[in-house]
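Take a moment to look over the fold before reading on. The paragraphs below walk through it piece by piece.

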Amino acid sequence: MFYEPKKKNHGLAHNPFNSLIVPRPIGWISSLGLDGVPNLAPYSFFNAVSYQPPTVMFSSGTAATEDGLKDSLRNIEDTKEFVCNMATWDWRNEMNESSKSVALAIDEIAMTGLTTIDSRLVSAPRLAEAPVNLECIYLKSVSVPGWSDADNFKIIIGEVIGVHIKDEFINQEGLVDIKALQPIGRLGGNDYAVVNAQSFFSLKRP
Ligand SMILES: Cc1cc2nc3c(=O)[nH]c(=O)nc-3n(C[C@H](O)[C@H](O)[C@H](O)COP(=O)(O)O)c2cc1C
């Protein structure tokens, strides 16, 4: 089959785009509002951008708020700091729960029963339950040209200035134990993938 996204002529039950770039890592983004209220939300238009300096990006769509901004985006543009927490199998339900759209004044982290710890280098809190936390400073936003006002996506790029890895996830060889971490990734619709001992494989570079 062939379709042109702008013509929406895929003829399928759902727009298949989200099922075609998979699995997408999930940036579970914690940030702090100017009012000091912590915020947490998952973003799967998320990835590493560069190695040195280590940078990450996530992309936010529009929200049904007065200014059309999702809280994470607004907070980060206001405070210039955020944390990317790794979403893993053990915390999949809380991750999903934290995608609920709630008023800015509500502490979403407390709402999901999760807890935070102070970050070392940024004011945004990090998720205590997450095995990996990347403390980030905001570098820039890039607007993605949309087809209409409703389609506005904005990419946030941040530099990772501090990295926490729970010691239990570093193995005897001094490597990150991905099979034990069990990171989850987003597929299309409501579907996810998990990296574990069954799905893991290695390839030597030629
Ligand atoms: C697994 C998952 C991935 C998501 N990825 C994105 C994304 O990449 N971009 C986006 O705008 N919304 C995404 N969402 C929806 C946001 O999490 C949701 O709009 C949330 O309420 C935003 O919260 P905030 O306003 O506190 O930032 C995702 C939801 C889930 C469950």
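**A walk through the fold**

Seven strands form an open sheet in the order S3-S2-S6-S9-S10-S5-S4, with antiparallel pairing. S3 and S4 are the edge strands, and each of them pairs on one side only. From one strand to the next, the twist averages 35°. Strands are DSSP runs of E with at least two residues, helices are runs of H or I with at least four residues, and both are numbered from the N terminus. Two strands pair if DSSP finds at least two bridges between them. Angles run from 0 to 180 degrees between N-to-C directions, and axes are lines fitted to C-alpha atoms, for helices over the stretch in contact.

Keep in mind that this is a predicted model: local features need pLDDT of at least 70, side-chain atom pairs count only at pLDDT 80 or more, and totals for chains, interfaces and linings use all residues. Residues are numbered from 1 along each chain as its sequence is written.

Now follow some neighbours in the sheet. S9 and strand S10 (residues 153–165) run antiparallel, joined by twelve bridges. Here Val142 stands opposite Ile155 in S10. S2 and S3 are also antiparallel, with six bridges joining them. Ser31 has Asn39 in S3 as its bridge partner. The hairpin of S2 and S3 has five residues between the strands, and Gly36 there takes a positive phi near 85°.

Next, find the helix on this sheet. H1 lies across S2, S3, S5, S6, S9 and S10, and runs at about 50° to S2. Which residues of H1 are buried? They are Asp71, Ser72, Leu73, Arg74, Asn75 and Ile76. A residue is buried if 20 or more other C-beta atoms lie within 10 Å of its own, exposed if 12 or fewer, and partly exposed in between, with C-beta atoms placed from the backbone. The cover over the buried residues of H1 includes S2, S3, S5, S6, S9 and S10. After H1 comes Lys80, with a positive phi near 70°. S3 is mostly covered too: five of its six residues are buried.

What lies inside? In soluble globular proteins, nonpolar side chains tend to be buried together. The largest nonpolar core here has 32 residues, and those with the most contacts inside it are Trp28, Ile29, Val83, Cys84, Ala87 and Cys136. Strand S2 (27–32), S3, S5, H1, strand S6 (81–86) and strand S9 (132–144) each give two or more residues to this core. S6 gives the most, with four residues. A nonpolar core is a set of buried Ala, Val, Leu, Ile, Met, Phe, Trp, Tyr and Cys residues joined through C-beta atoms within 7 Å. Take Cys84 as an example. Not counting residues up to four places away in sequence, Cys84 touches Gly27, Trp28, Ile29, Val56, Leu134 and Cys136. Two residues are in contact if their C-beta atoms, placed from the backbone, lie within 7 Å.

Turn to the ligand. It is surrounded by 18 residues, and the closest are Ala41, Phe45, Lys70, Asp71 and Ser72. Strand S3 (38–43), strand S5 (55–60) and helix H1 (71–79) each give two or more residues to this shell. The largest share, four residues, comes from S3. A residue is near a molecule if its C-beta atom, placed from the backbone, lies within 6 Å of it. The shell divides into six nonpolar, nine polar and three charged residues. In this count Ala, Val, Leu, Ile, Met, Phe, Trp, Tyr, Cys and Pro are nonpolar, Asp, Glu, Lys and Arg are charged, and the others, Gly among them, are polar.

There is also an open sheet of three strands, in the order S1-S11-S12, with antiparallel pairing. Its edge strands are S1 and strand S12 (192–194), each pairing on one side only. S11 and S12 pair over three bridges. Gly185 has Ala193 in S12 as its bridge partner.

Finally, check the backbone. A cis peptide bond joins Val22 and Pro23, with omega about -15°. Pro23 sits in the segment before strand S1 (24–25). The bond from Gln52 to Pro53 is cis as well, with omega near 0°. Pro53 is in the loop between strand S4 (46–50) and S5.
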